[in-house]
Number of protein chains: 2
Amino acid sequence: MKLKDIGEFGLIESFSKKYFSEKLPDGVSGIGDDCAVIPSKGGDFLVSTDLLTENVHFIKDEIGGELLGKKSLAVNLSDLAASGATPVASFLSIAIPPETDTEFLDAFFKGYAFWSKKFNCPLLGGDTTKSLSGLTINVTVIGRAVNKKFRSGAKPGDVVCVTGFLGDSAAGLEFVTNPEKPRNKTSEYFISRHHNPEPRIFEGQFLAEFQGVHAMMDISDGISSDLKHIMKASRVSAVVELEKLPLSPLMTECYSLRDAYSFATSGGEDYELLLTVDSKKFAEISEKFEQKFSKPLYAIGKITESYSPDIVFLENSFPLNGFSNGFDHFTA
Amino acid sequence: MKLKDIGEFGLIESFSKKYFSEKLPDGVSGIGDDCAVIPSKGGDFLVSTDLLTENVHFIKDEIGGELLGKKSLAVNLSDLAASGATPVASFLSIAIPPETDTEFLDAFFKGYAFWSKKFNCPLLGGDTTKSLSGLTINVTVIGRAVNKKFRSGAKPGDVVCVTGFLGDSAAGLEFVTNPEKPRNKTSEYFISRHHNPEPRIFEGQFLAEFQGVHAMMDISDGISSDLKHIMKASRVSAVVELEKLPLSPLMTECYSLRDAYSFATSGGEDYELLLTVDSKKFAEISEKFEQKFSKPLYAIGKITESYSPDIVFLENSFPLNGFSNGFDHFTA
């Protein structure tokens with residue numbers, strides 16, 4: 001059997017169950033959430049790692065060195081944001097074709113240093129090696145949190161929320177992967193949203209302080225895939241109202257509602273936070289969030305009783321079928 | 001300018017100086033040692049990461065899934081051993097061509113789990129993604145240590161020691177990269193030493209307890225390269241006596257002394273520990289080491305005054321010129 005037949009999501013779960021079934025020490029948790037947890041006095045350590053490969057996660061000449069460096073760290077910091085952690089350090093491994101221009105690498109490190117400085121997250125180590133094929137980048141981030149949030153913890157009645165516009169990154173990806181599409185200021189906006197995501201570190205830290213925030217994660221694959229992780233980990237179901245999905249002004253201007261909903265639910269790489277909030281606390285938390293960040297905390301649906309693997313999407317209060325189920329790198 | 005013109009070692013150092021020059025928080029240390037240090041009550045956390053790429057670090061069909069999994073974790077644990085740390089957790093990222101057999105991956109995870117169990121080092125997370133070219137593996141390990149050792153700390157007069165035979169792995173690599181060479185029981189020994197290194201975790205922990213152990217690292221590139229890291233970090237020089245290099249019985253049987261010395265000094269991937277010991281404490285420490293591990297702590301040379309970038313190799317007490325300077329993935 002080939003990997004493409006079982007897919008990426010099957011892989012980690014099946015092998016970790018088969019070969020790593022020992023009970024973990026108290027307080028330690030691992031595979032299955034945005035971050036692993038290593039307990040320590042004064043705040044648990046949270047760890048996350050992401051691997052980016054050329055022509056799968058990025059097209060080198062489309063994104064350029066600086067934005068690639070920025071995004072490589074940003075997508076990892078986003079996992080720390082999802083847990084409400086404060087960044088402590090990052091580690092960068094790169095496999096580089098020997099023909100790579102040092103100017104490209106210089107720009108890469110400049111971009112990487114941008115978020116490193118912004119969030120006081122020093123680069124403490126890594127590995128550099130030759131690649132006989134494409135550029136491969138692995139970043140590991142370590143953060144620390146006293147009040148941390150997980151995918152589990154969502155409760156029936158919770159309000160499902162997101163911290164910003166959804167779908168712009170997916171619209172940008174369409175331009176990146178279809179070079180024949182005309183480029184203009186509009187396309188540049190979407191492409192920039194795809195290449196230059198901002199990790200919601202401050203939002204994550206702020207939200208993690210509230211007991212009324214029950215579950216949190218970041219949106220990397222689109223809510224139609226990511227919300228299912230919360231549902232599975234929390235053993236609950238969820239309803240999402242399409243009209244409530246926050247869409248950017250350019251998204252509503254340039255795309256039909258149907259396309260916009262598709263980008264917003266199944267597109268991925270928005271790197272906003274997805275959280276569920278106690279309905280009794282939602283008014284207070286969203287008001288404080290808006291005061292602090294000058295943007296709304298968008299309520300897009302609610303958590304319902306008992307586990308189901310499928311999200312119910314409502315359009316004008318009617319359930320809608322046939323929405324995509326997120327994507328899997330291997331079987332897609 | 002291309003990367004191949006400046007080489008791997010120049011890369012991290014020059015960009016980290018240029019873009020990551022902020023002072024680190026107290027007790028935090030990063031680039032330039034086997035492990036980074038993140039202070040914490042109850043024992044500092046040590047972190048290391050290694051990237052392995054297909055046809056650069058391994059030939060997939062030569063090593064096979066199980067030994068590749070074993071080695072991927074072993075070379076990282078070796079960095080923890082070098083600091084005297086106790087393993088806490090590992091994180092595994094793999095970029096996999098979709099055509100890869102799941103049997104190969106199953107064997108990989110089985111091998112990875114071997115050292116994971118042996119050293120109580122659970123796999124707590126990672127990332128799996130598609131690769132459009134070869135297999136790429138990145139492992140990050142986290143350990144903890146109260147008494148930790150670094151590359152700096154070597155003092156003039158120290159005895160330079162290693163924990164086991166040198167050069168076998170390099171001899172094995174010659175068979176791996178020259179498939180036309182005949183295979184027999186002898187070649188299998190050397191190939192096994194190359195594909196199946198044992199991280200010296202227990203030895204590292206034991207040695208780190210002694211104040212008389214001044215500096216320690218693991219031997220990944222060969223002592224002609226690795227000992228220079230200790231010399232540079234400690235601002236000292238070193239003399240190595242070739243006759244004292246520990247060679248395996250098969251190495252002395254199958255190779256000329258000159259070839260054996262070359263493998264032992266410049267070959268790399270032995271993953272033994274290289275350390276410098278207070279000469280007044282050497283007798284006591286080496287005796288206790290031999291009692292504990294039933295093998296000698298091999299004295300191979302000594303540390304001398306003031307920094308020089310070159311190791312002095314002695315043969316029959318005479319300085320020898322023309323020895324290789326280790327290797328660099330990009331310029332080699």
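**Figure 1. Helix α6 of chain A and its buried side.** In this predicted model, helix α6 of chain A spans residues 201–208, and its buried residues are A:Ile201, A:Glu203, A:Gly204, A:Leu207 and A:Ala208. Why do they sit on the same side of α6(A)? Because they cover an arc of only 165 degrees around the axis. Have a look at what they pack against: the helices α2 (60–83) and α10 (282–293), plus the strands β3 (86–96), β5 (136–145), β7 (213–218) and β9 (273–277), all of chain A.

**Figure 2**

Figure 3. One partner is β1(B), residues 36–38, which runs antiparallel to β2(B) and is joined to it by 3 bridges. Within this pair, B:Val37 stands opposite B:Leu46. The two strands make a hairpin with 5 residues between them, and B:Gly42 in the turn takes a positive phi of about 90 degrees. The other partner is β5(B), residues 136–145, again antiparallel, with 10 bridges to β2(B). Pick out B:Leu51 and you can find its bridge partner in β5(B), B:Asn138.

**Figure 4. A close look at Phe45 of chain B.** B:Phe45 belongs to strand β2 of chain B. Is B:Phe45 buried or exposed? It counts as buried, because it has 25 C-beta neighbours inside 10 Å and the cut-off for buried is 20 or more. Leaving aside neighbours within four places in sequence, B:Phe45 is in contact with B:Ile38, B:Ser40, B:Ile142 and B:Arg144, and also with A:Phe45 from chain A. B:Val28 is 17 residues away from B:Phe45 in sequence, with 9.7 Å between their C-alpha atoms.

**Figure 5. Val47 of chain B in the nonpolar core.** The largest nonpolar core has 186 residues, and B:Val47 is one of those with the most contacts inside it, along with A:Val47, A:Leu77, A:Leu275, B:Leu77 and B:Leu275. What does B:Val47 touch, not counting residues up to four places away in sequence? From chain A come A:Phe91, A:Leu124, A:Gly125 and A:Ile142, while chain B brings B:Cys35, B:Ala36, B:Ile38, B:Thr140 and B:Ile142.

**Figure 6. Where chains A and B meet.** The contact takes 66 residues from each of chain B and chain A. On the chain B side, the elements supplying at least two residues each are α1 (3–19), β1, β2, β3 (86–96), α3 (102–118), β4 (123–130) and β5. The largest share, 9 residues, comes from α1(B). Sort the chain B side by type and you get 31 nonpolar, 23 polar and 12 charged residues. The copies meet through the same surface, because 100% of the interface residues of chain B are also interface residues in chain A.

**Figure 7. How the two copies are related.** Chain B can be laid on chain A by a turn of 180 degrees and a shift of 0.0 Å along the axis, with an RMSD of 0.0 Å. That is the relation of a two-fold axis.

Technical notes
Residues are numbered from 1 along each chain as its sequence is written. Chains are lettered from A and ligands numbered from 1 in the order in which they are written. This is a predicted model: local features need pLDDT of at least 70, side-chain atom pairs count only at pLDDT 80 or more; totals for chains, interfaces and linings use all residues. A residue is buried if 20 or more other C-beta atoms lie within 10 Å of its own, exposed if 12 or fewer, and partly exposed in between; C-beta atoms are placed from the backbone. Helices (H or I, at least four residues) and strands (E, at least two) are DSSP runs, numbered from the N terminus. The arc is that of the directions from the helix axis to the C-beta atoms. Two residues are in contact if their C-beta atoms, placed from the backbone, lie within 7 Å. Two strands pair if DSSP finds at least two bridges between them. Ala, Val, Leu, Ile, Met, Phe, Trp, Tyr, Cys and Pro count as nonpolar, Asp, Glu, Lys and Arg as charged, and the others, Gly among them, as polar. Copies are superposed by least squares on the C-alpha atoms of residues with pLDDT of at least 70 in both. A nonpolar core is a set of buried Ala, Val, Leu, Ile, Met, Phe, Trp, Tyr and Cys residues joined through C-beta atoms within 7 Å.
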